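Colleague: I am new to this structure and would like a guided tour. Could you take me through it one topic at a time?

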Amino acid sequence: MKEERKKQLEELYAAKVQDKAEEISKWIYEHPEDGDQEFLSSAYICEQLKEAGFSVQLPYGSLKTAFRCELKGSKPGATYAFLAEYDALPGYGEQHDELAHACGHNWIGAVCAGVGLMFAQMQEELEGTIVIMGTPAEETTGGKCVLVEEGAFDDVDFAFQLHLGAENNAHVVTLAMDSLEFTFHGKAAHAAAYPHLGVNALDAVNLMFTGISYLRQQMRCDTRVHGIITKGGEACNIIPDLCACKFYIRAADKAYMEEISAKIVNIAKGASFMTGTQMEYRNFENTYYDLVNLESFQQLYVENAKLCGSGDFVDSDADASGSSDVGNVSHVCPMMYSELALKGPTPAYAHDVKFLEYLKLPCADDKLRKGIISLCLTVFDLYDEKQREDILNEFDARKN
């Protein structure tokens, strides 16, 4: 039965969707845009989906380049959201001053649009609603964080995203991350003639770094705290009256990240008290949550990916790397996130210049096809009530 469904989807993809999906990937690749500035890419994807019969909201929520495109099936059912990304990275080209899709977000956008185009051809047998959600600025400000806060996923039952990587990995680990900026206000004075009249804001910043260094001895090994001084004074003979620093606080889970962030705020308060400065702090970027992997959901997808020829998947990803706003989505609804290996002549990793070249090779289009069909198969699997209940029960258990 599954083999027969796969064959039908492959035939449909080749006849109706392949050319358009590959064209979308190529078009976004050739029109790279910075995060929150993806006006061309978001409009382009929405145009393709509108022509296929989707209703379109662009912009969506408070983000000018976010969108929500919906296709309702002929039968009631769950709501399935596919999270498109389409922001590029800076610093490429011969002069290192060009934007480029070195993380493959053009491919992510094309996968999601391709799934939408497939179900537009199967609307009569669609049970539920397909949502293609445009989520901007993953590389910078984290558009999904804003969309989660604004309730964009409140009616979503299951969310999906695929990413290209160096290996097939359905157990991706991301770190929760807080971003805190501390500003200390002191009093300027001549550093040689009247030091006793000054209140040194830089001393408070330095005490913060010292306090955090001692805190590191008592932190879990999965935790990372790294910071910079963004304002340290104007001249050596003036006691600095305004100094600031920024920190990223990362941990394997949201709860522990919040615990460490609270301790760092207390360190800042202590530095302020010791120096007589006034302190204020703020989040200078959105807070990212850890990615909640649901074994039942991941395994459902892996079986379909293998059926489509994606090959072996690694068993786990024990070494956490960076952070992503997709983690925020996984805390409000079941999220299936997986990487597929972009296998060119030699291994290539996201953000590498080599990754850019591989995205133009046939291997990227091959993974596009396999990704789209495996996601469609997974949606059909979720028509089964028991499959849905198993995932939702695991999600509720992890949440509680």
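**The annotated domain and its strands**

Modeller: The UniProt annotation "domain: Peptidase M20 dimerisation", from an unreviewed entry, covers residues 179-269. UniProt positions are given in the numbering used here, feature names are shortened, and annotations may be inferred rather than shown by experiment.

Colleague: What should I know about the model itself?

Modeller: This is a predicted model, in which local features need pLDDT of at least 70 and side-chain atom pairs count only at pLDDT 80 or more, while totals for chains, interfaces and linings use all residues. Residues are numbered from 1 along each chain as its sequence is written, and side-chain values use heavy atoms, with hydrogens and water left out.

Colleague: How much helix and strand is there over residues 179-269?

Modeller: The chain there is 35% helix and 27% strand, and the end C-alpha atoms are 17 Å apart. Helices (H or I, at least four residues) and strands (E, at least two) are DSSP runs, numbered from the N terminus.

Colleague: Which way do β8 and β10 run, and how many bridges join them?

Modeller: They run antiparallel, joined by ten bridges; two strands pair if DSSP finds at least two bridges between them. H185 stands opposite L242 in β10. Strand β9 (residues 224-231) is also antiparallel to β10, with seven bridges, and I228 has K246 as its bridge partner in β10.

Colleague: How many residues of β10 are buried?

Modeller: Seven of its ten residues are buried, so β10 is largely enclosed by the rest of the structure. Buried means under 20% relative accessible area, exposed means over 50%, and partly exposed lies in between (1.4 Å probe, protein chains only).

Colleague: Turning to aromatic rings, how many pairs does a search of the whole structure find?

Modeller: The search finds twelve aromatic pairs. Rings of Phe, Tyr and Trp (its six-membered ring) pair if their centres lie within 6.5 Å; planes under 30 degrees apart count as stacked, over 60 as edge-to-face and the rest as tilted. One of the pairs is F160 with F297, edge-to-face at 5.3 Å centre to centre, with 80 degrees between the planes.

Colleague: Which parts of the chain does that pair tie together?

Modeller: F160 lies in strand β7 (residues 158-165) and F297 in helix α7 (residues 295-307), so the pair ties together parts that are 137 residues apart in sequence. F160 is buried at 0% relative accessibility, and F297 is likewise buried at 0%. The rings of F182 and F247 also form an edge-to-face pair, with centres 6.2 Å apart and planes at 70 degrees. That pair links F182 in strand β8 (residues 176-185) to F247 in strand β10 (residues 242-251), 65 residues apart.

Colleague: Is K72 buried or exposed?

Modeller: K72 is exposed, at 52% relative accessibility, whereas E70 is buried, with a relative accessible area of 18%.
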